[in-house]
Amino acid sequence: MRFSNLIKIALSALLRNKTRSILTMLGIIIGVASVIALLSIGEGSKRSIQNQVSSMGSNMVFVTPQSQVKGGVQMGFSNVQTLTLKDVAAIEANCPSISMVSPEVRGSGQVVYNKNNWPTSIYGCNDKYLAIKKYEVEKGRVFNEREITASAKVCLVGQTVIENLFGKNADPVGQSIRYKSIPFKIIGTIKSKGENTFGQDQDDLILAPYTTVQKRILAITHVQSINASAASEALSQQAVEEITKTLRTQHKLKDSEENDFEVRSQEELVKTFSTISNVLTILLGAIAGISLIVGGIGIMNIMYVSVTERTREIGLRLAVGGKGADILKQFLVESILLSILGGVIGILFGVLIAKIAATLMGWETGIMIQSILLAFTVCTVIGVFFGWYPARKAANLDPIDALRYE
Amino acid sequence: MQKTIIEVSHLKMNYYIGEVTVHALRGVNLAIGEGEFIAIMGTSGSGKSTMLNILGCLDKPTSGNYALDGIDVGNLNKNELATIRNEKLGFVFQSYNLLTRTTALENVELPLMYNRKIKSKDRKEMAIEALRSVGLLDRMHHMPNQLSGGQQQRVAIARSLVNDPLVILADEATGNLDTRTSYEIMALFQELNEKGKTIVFVTHEPDIARFTKRSVIFRDGQIQKNQEISDRFNAQEMLANLPVEEDFE
């Protein structure tokens, strides 16, 4: 029997029982649609998290002090003062993979302008900090080397701070604000970056020279963390190793001693988040996959019914010269057609659902061509797998018994 | 003497139902020549259906020989038997066995679908030709449920003819039909036989058997009688003589 004939016979058999065919397909449609939709939503959320993490900075590598065990006592974070400006200088000098490095010290408190006040964080850093963290200057300028050396009382302010102190769209450059009763002259504003992955407002900040924050606000000599930028994404792992090596030497750590600091790269962070969302995606996909299997069992059930119902037809086909293989193919093509048709409709629905979900959640759609291909392949496999036993039952019928079947 | 196309010798068929052995055929010898029109008769359980199944290559005998057109059918496997059925045999059943919701034309095309030697464009022409020979050319696009019983059986006959078989095997082909329609069908078989078709017709009705040329009567798995029909009916004449009141006004 020619293949085109097989398709024709299968199609007409399916059309003969339209309602039944559609209901059977529904199982596959729901299964495929949910697989596609959930995988796409998972992929979309993963991508948006990745985008947000990478918007946090350019190939960032951050060094934070690690709590130490001193004489059996686990020290808290606030007591850890292992990072110094010398470390920053050492990293700058000894790490070729690092293109930019900045110390970071943080203080928090009320900032006051006239009658208005606002609680915010002040970050002490150098002039490269903005580039490392992917901040951009909107108006005005960044503080220069001279101002850093002189611990000048100058600052840049974020949009949230401006809004709360000066009102929307105001230009605060040249104005003076007080932070812990120390007056700061605003020399620039920072372009808005919005919220980060964790819902944290990235515009609620003040940047000032690290020397100013260290001496005038916190009265400390150490730094709380070091932010650096690797020359390229590929170099970030190497940068982590270089920094680790430099700081171990700098801190005179013996081989037996653990690091008193922690170096992490943005790449690692992205990987961590990707792993979490991958696990979630796989989990969701697996649940959806189960409904696909249930759909397959539906096909098998209907094919069994169909074989029983058409026993006489099978008998006749065998009597007029149909071979077992012909009958097998006929029913197999029917079940494959059923599952592929269901699969195609399911893919369309799944893509639609993913698009809608992405629009509602403000994610980008992560519809992967692979997941569509996968769904299509799985459908064909389901058609063959669940169609095989009913088809074989049909093919093995005895023509005499089949012809007499009532 | 015309060419022998079916030759059966010492044919035995046993069925095993649980512990009981049923001897359906107990040594049958039969030869059928080209152009014959044979009625296989007998009561139920006489073995005539078993005989037809074996002649139709649907079943294999327990022992004995069966040569169809010089081919020893006993040595063929399932697929080879399917090919023999496809190319050398035509079947007509009591309950027509047409595919539902499938046009008469497509029903007739069915055997050709399983024959790779026939191109799809020839297939339709051959099917139309077969429908013409049973007088149903105007009904070729009708579904079985739009046809009367007699017409459905004609479609079935056209289907059995379409591959130009050596033998047509009919199993109680008039069993579901009224007298008039039965005569019409027998008239068609007689006409086909006159054109040279070999027909083996299984029936339990002696009246119907009298339309054939020779009757073979089975009893207890053996041939009891094998004789020429001396006072043969002509179906056309019988039809003409049927009382008119059978047609309801």
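This section describes the two chains of a predicted model and the contacts between them.

Local features are reported only at pLDDT of at least 70 and side-chain atom pairs only at pLDDT 80 or more, whereas totals for chains, interfaces and linings use all residues. Residues are numbered from 1 along each chain as its sequence is written, and chains are lettered from A, with ligands numbered from 1, in the order in which they are written.

Chain A has 13 helices and 12 strands. Helices (H or I, at least four residues) and strands (E, at least two) are DSSP runs, numbered from the N terminus. The C-alpha atoms of chain A occupy a box of roughly 105 × 55 × 35 Å along the principal axes. The radius of gyration of chain A is 33 Å, but a compact globule of 406 residues would have a value near 22 Å. This quantity is taken over C-alpha atoms, and the globule rule is 2.2 Å times the number of residues to the power 0.38. The domain assignment divides chain A into domain 1 (3–52 + 272–404) and domain 2 (67–259). The bounds come from an automatic or database domain assignment. The centres of the two domains, taken over C-alpha atoms, are 56 Å apart.

Of the 406 residues in chain A, 43% are buried. A residue is buried if 20 or more other C-beta atoms lie within 10 Å of its own, exposed if 12 or fewer, and partly exposed in between, with C-beta atoms placed from the backbone. Contacts in chain A with a separation of 6 or more were also classed by sequence distance: 83% of them join residues 24 or more positions apart. Two residues are in contact if their C-beta atoms, placed from the backbone, lie within 7 Å.

A:Ser236 belongs to helix H8 (residues 236–250) of chain A. A:Ser236 counts as buried because it has 22 C-beta neighbours inside 10 Å. Leaving aside residues up to four places away in sequence, A:Ser236 touches A:Asn59, A:Val61, A:Ala230, A:Ser265, A:Gln266 and A:Glu267. A:Val61 is 175 residues from A:Ser236 in sequence, yet their C-alpha atoms are 7.1 Å apart. A:Val61 also stands opposite A:Ser265 in S12(A). Strand S1 (residues 60–65) of chain A and S12(A) run antiparallel and are joined by five bridges. Strands count as paired if DSSP finds at least two bridges between them. Strand S12 (residues 261–265) has A:Phe261, A:Val263 and A:Ser265 on a covered face, and A:Glu262 and A:Arg264 on an uncovered one. In a regular strand the side chains alternate between the two faces of the sheet.

Chain B has eight helices and 10 strands. Its C-alpha trace spans about 55 × 45 × 45 Å along the principal axes. The radius of gyration of chain B is 18 Å, which agrees with the value near 18 Å for a compact globule of 249 residues. Buried residues account for 44% of the 249 residues of chain B. Among contacts in chain B between residues at least 6 apart in sequence, 70% join residues at least 24 apart.

Six strands of chain B form an open sheet of mixed pairing, in the order S6-S7-S8-S3-S9-S10. Strand S6 (89–92) and strand S10 (222–228) stand at the edges with a single partner strand each, so one side of each has no neighbour in the sheet. Strand S9 (residues 214–219) pairs with S10(B) in the antiparallel sense over six bridges. Within S10(B), B:Gln227 stands opposite B:Ser215.

At the interface, 19 residues of chain B contact 16 residues of chain A. Helix H2 (78–88) and helix H3 (104–113) are the elements of chain B that give two or more residues to its side. H2(B) supplies the largest share, six residues. The chain B side comprises nine nonpolar, six polar and four charged residues. Here Ala, Val, Leu, Ile, Met, Phe, Trp, Tyr, Cys and Pro count as nonpolar, Asp, Glu, Lys and Arg as charged, and the others, Gly among them, as polar. H3(B) is largely enclosed by the rest of the structure, because 10 of its 10 residues are buried. Its cover includes helix H1 (3–16) of chain A, together with H2, helix H4 (120–133) and helix H5 (149–161) of chain B.

Positive phi values near 55° occur at the non-glycine residues A:Ala219 and B:Asp69. A:Ala219 lies in the loop between helix H7 (210–218) and strand S11 (225–230) of chain A. With 8 C-beta neighbours inside 10 Å, A:Ala219 counts as exposed. B:Asp69 lies in the loop between strand S4 (63–68) and strand S5 (71–72) of chain B. B:Asp69 is partly exposed, with 16 other C-beta atoms within 10 Å.
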